[in-house]
Amino acid sequence: MKAVWSEKGKPLQEGLALRREVFMDEQHFSYDEDELDAVSWHLVLKEDDGTAVGAARLYVEQGTHAHLGRIVIKADCRGRGLGLVLLKELENKARELGLTTLVLGGQTRAAGFYEKAGFERFGEEFYDEYCPHIMMQKKL
């Protein structure tokens, strides 16, 4: 498994394709790319053969927070612990940048996964399009 990071503000095409596959094709969101892509570092998790199996982005918020987002694992690769590998890579990047807190707005149905990785819920549930989300954070 190999983690590949982009330069800040330069999304990797494999990551964008994987995000579209999961968020738009599978989960039926009407959009994926947004203005935050231009201020984010982008991560793609690849198999040894180069196949993209996971993606995420990270941007700095409030000077101390790593805001994580667009976290995806390819459908046929789920259940292999790759989500935790992706989160560990994001955490390492945040530490490298000198950030102290990880924050994300996760789909409520995935909150248990994030809690197992050390995140705690905060705030009220909210909707992104039709899908319930909850804010979560982890102190580094």
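This is a predicted model: local features need pLDDT of at least 70, side-chain atom pairs count only at pLDDT 80 or more; totals for chains, interfaces and linings use all residues.
**Helix, rings and contacts**

Visitor: How do you know that the span of helix α2 agrees with its 15 residues?

Guide: Helices are DSSP runs of H or I, at least four residues; strands are runs of E, at least two; both are numbered from the N terminus. The expected span is 1.5 Å times one less than the number of residues. For α2 (residues 82–96) that gives 21 Å, and the end C-alpha atoms are 21 Å apart, so the two agree.

Visitor: Why is Lys46 called buried?

Guide: Buried means under 20% relative accessible area, exposed over 50%, and partly exposed in between, with a 1.4 Å probe and protein chains only. Lys46 has 17% relative accessibility, so it counts as buried. Its place is in strand β2 (residues 41–46).

Visitor: What makes Lys46 and Glu14 a polar contact?

Guide: A polar contact is a pair of N or O atoms within 3.5 Å; within protein, one must be able to donate a hydrogen and the other to accept it, and residues adjacent in sequence count only if both atoms are side-chain atoms. The side chains of Lys46 and Glu14 are joined at 2.6 Å.

Visitor: How many aromatic pairs are there?

Guide: Rings of Phe, Tyr and Trp (its six-membered ring) pair if their centres lie within 6.5 Å; planes under 30 degrees apart are stacked, over 60 edge-to-face, the rest tilted. The count comes to 4 aromatic pairs.

Visitor: Why is the pair Phe23 and Phe29 called edge-to-face?

Guide: Their ring centres are 6.1 Å apart and their planes stand at 85°, so the pair is edge-to-face. Phe23, at 12% relative accessibility, counts as buried. Phe29, at 7%, counts as buried too.

Visitor: What makes Tyr114 and Phe119 edge-to-face?

Guide: Their centres are 5.9 Å apart and their planes are at 75°, so the pair is edge-to-face.

Visitor: How do you know that the charged end of Lys93 sits over the ring of Trp5?

Guide: The rule asks for NZ of Lys or CZ of Arg within 6 Å of the ring centre and within 35 degrees of the ring normal. The charged end of Lys93 sits over the ring of Trp5, 5.2 Å from its centre.

Terms used
Residues are numbered from 1 along each chain as its sequence is written. Side-chain values use heavy atoms; hydrogens and water are left out.
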